[in-house]
Amino acid sequence: MTLLQLQSVDAAPWGDPVLTDISLGLAPGEVMGLIGTNGAGKSSLLRLLAGDFAATSGSVLFAGRALESWPRQQLAQQRAFLPQLSLLNFPYTVEEVVLLGRTPHSTGLRADQDIVRQVLRATDTLSLRNRLYTQLSGGERQRVQLARVLAQLWHPDDMRGTLLLLDEPTAALDLAHQQQLAATIAGIAARGCAVILVVHDVNLAASVSHRLLVLDRGQAVASGSPETVLTPALFRELFHAEVLVQPHPNGRQPLVIGL
Amino acid sequence: MITNVIDRRRRAQRLLLLLAVTLPLAMLLALGSGAVRIAPADTLAVLLGSDRGQATLIVQQIRLPRVLLAGIIGATLAMSGAAMQGLFRNPLADPSLIGVTAGASLGASLLIVAGGSSLPGLVGLSLVSLGAFAGGVLAVLLVYRLASSENGTSVATMLLAGIAITALAGAAGSLLEFFTDNERLRQISLWKMGGLDGANLPRLLLASVVAGAVLLALPHYALPLNTLLLGESEARHLGIPVNRTKLALIGWVAVGVGTSVALVGTIAFVGLVVPHIVRMLIGPDHRTLLPASALAGAILLVCADALSRIVLAPTELPVGIITALIGVPFFISLLRQRHQYGMQT
């Protein structure tokens with residue numbers, strides 16, 4: 001069964017079309033990477049799925065039901081979105097920020113704190129829990145915001161029916177934390193959480209995604225497993241870049257090398 | 001600074017308790033101070049029903065409505081300020097940002113210039129007060145309309161529209177003051193400084209009903225406000241009905257601040273600084289920030305009003321001067337240690 005089904009979706013929230021004729025299906029536990037040039041519509045697609053604006057035509061079904069007909073709170077229990085930028089400028093502690101992710105659930109402080117501890121551990125922010133958010137570095141803030149959206153969907157065993165949308169979650173992360181993020185995504189996907197993420201590092205995208213969707217000027221131009229999508233021809237056409245594509249030494253994915 | 005969530009919540013509870021104990025004490029002392037001083041024991045006796053002659057008359061007829069009004073208005077202004085700072089995601093926002101104070105001033109000036117101050121009003125309210133309330137609410141409606149489109153209401157646009165409407169109302173007010181006679185100019189200027197000397201029972205009742213409703217309504221929005229600090233989209237993604245919340249917050253603040261400006265004139269500073277100070281002490285969680293700000297605002301205005309009666313007795317100073325004189329040094333001392341509280345702005 002598919003968790004998310006888009007059928008010929010167009011969107012033009014500010015007049016000009018930002019997404020044209022997008023169709024895709026996503027199964028529980030599937031990880032989809034969005035790649036494309038700047039302004040290709042990657043963030044717009046995430047924001048459409050996050051409900052920031054509606055499709056002008058076509059249909060978006062989440063768990064078999066039109067996205068806009070979902071009750072607010074129930075949807076918030078099953079879908080979370082990590083935006084590129086955070087505006088938070090009030091002195092919450094890290095734990096308070098992550099606890100806000102539990103707002104749609106009424107599970108009580110004790111249960112919430114238990115979940116918060118797990119997501120803080122998964123994002124390596126447990127040692128920051130009593131620090132003030134406003135005094136953290138950019139990468140630390142990004143990990144805390146990631147912990148917040150994880151807390152919104154978190155379940156230690158079963159996360160089927162949930163959808164996590166991540167817009168450039170690795171932008172401010174160092175190498176170790178990028179790898180930790182990849183492991184976290186694999187972990188929640190194994191428990192049934194579907195993930196759609198925008199990542200500019202194609203090798204990172206290839207390593208975490210089951211499937212890649214390539215966007216160009218609001219349209220889907222390629223879709224499939226990393227091996228089939230990542231070809232020198234794609235990079236030449238789309239990014240005007242010359243690359244070599246080799247099998248990765250780990251044998252599980254292609255390796256793109258810029259020339 | 002290292003802060004555990006549980007410790008922070010306990011600290012907030014302690015502050016709430018401390019403020020809740022301080023407020024009645026401040027009111028008791030305020031009832032005894034003024035041109036005629038009454039000992040706290042006598043004040044308490046009068047409040048409990050025994051007859052102490054002149055003291056009974058002064059406490060019951062004059063000071064009690066006034067002190068209670070000060071408490072209610074102070075609480076409303078401070079809680080409204082806390083709500084606006086959360087809504088605008090700016091710790092320096094003030095209830096007057098949405099145009100309510102400037103609109104109310106213009107409404108009051110118009111009626112003073114038109115000679116409305118000599119005419120009878122309604123239910124103990126002068127025509128000038130009614131004009132102020134109408135002006136305040138109209139200004140907010142205008143600001144809200146300017147900032148709304150089919151995509152919802154933009155808080156950033158509202159801020160700018162509020163500044164524009166405030167400037168426009170200010171210019172219109174100056175124009176009125178320029179052409180009016182000296183006596184009315186003095187009336188306008190005194191009205192603007194604010195004061196609680198007009199307190200009487202009907203006004204107190206009106207304030208209790210309207211401001212009481214605001215004080216009961218705003219805390220319901222504590223959790224939505226907590227998520228709004230993350231950003232409007234983030235709040236929406238957490239299941240908060242953001243547009244409805246914004247409309248409700250602006251509506252309640254307009255009514256609360258409009259009423260308080262209509263009854264006691266413009267009292268600056270309480271709505272801006274009290275929530276700011278409370279946030280520095282216990283953090284930005286609105287579940288405790290809103291009630292603690294209300295209590296602290298009440299205490300500040302009760303004390304400021306008492307001082308305004310004592311300092312130059314029997315002459316009374318406008319209370320706005322005193323709120324600034326008490327609050328500003330305290331605020332500056334906190335600002336100097338702001339990094340300790342994690343404030344970046």
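**How the descriptions of chain A and its contact are reached**

Modeller: In this predicted model, six residues lie between the strands in the hairpin of β11(A) and β12(A), and Gly251(A) takes a positive phi near 75 degrees in that hairpin.

Colleague: What makes β11(A) and β12(A) a pair, and in which sense do they run?

Modeller: Two strands count as paired if DSSP finds at least two bridges between them, and strand β11 (residues 243-247) of chain A is joined to strand β12 (residues 254-258) of chain A by five bridges, in the antiparallel sense. Within this pairing, Pro254(A) in β12(A) is the bridge partner of Pro247(A).

Colleague: Why is strand β11 of chain A called hardly covered?

Modeller: A residue is called buried if 20 or more other C-beta atoms lie within 10 Å of its own, and among the five residues of β11(A) the count of buried residues is zero, so the strand is described as hardly covered. For chain A as a whole, buried residues make up 47% of the 259 residues.

Colleague: Which strand of chain A pairs with strand β1 (residues 4-11), and over how many bridges?

Modeller: The partner is strand β4 (residues 57-62) of chain A, and the two pair in the antiparallel sense over five bridges; Gln7(A), for example, stands opposite Ser59(A) in β4(A).

Colleague: How do you know whether the radius of gyration of chain A agrees with that of a compact globule?

Modeller: A compact globule of 259 residues would have a radius of gyration near 18 Å, and chain A has 18 Å, which agrees. The C-alpha atoms of chain A fill a box of roughly 50 × 45 × 35 Å along the principal axes. Of the contacts in chain A between residues at least 6 apart in sequence, 67% join residues at least 24 apart.

Colleague: How many residues does the contact take from chain B and from chain A?

Modeller: The contact takes 27 residues from chain B and 28 residues from chain A. On the side of chain B that touches chain A, α1 (5-32), α9 (222-228) and α10 (232-237) of chain B each supply at least two residues, and by class that side has eleven nonpolar, twelve polar and four charged residues.

Technical notes
Residues are numbered from 1 along each chain as its sequence is written. Chains are lettered from A and ligands numbered from 1 in the order in which they are written. This is a predicted model: local features need pLDDT of at least 70, side-chain atom pairs count only at pLDDT 80 or more; totals for chains, interfaces and linings use all residues. The radius of gyration is taken over C-alpha atoms; the globule rule is 2.2 Å times the number of residues to the power 0.38. A residue is buried if 20 or more other C-beta atoms lie within 10 Å of its own, exposed if 12 or fewer, and partly exposed in between; C-beta atoms are placed from the backbone. Two residues are in contact if their C-beta atoms, placed from the backbone, lie within 7 Å. Helices (H or I, at least four residues) and strands (E, at least two) are DSSP runs, numbered from the N terminus. Ala, Val, Leu, Ile, Met, Phe, Trp, Tyr, Cys and Pro count as nonpolar, Asp, Glu, Lys and Arg as charged, and the others, Gly among them, as polar.
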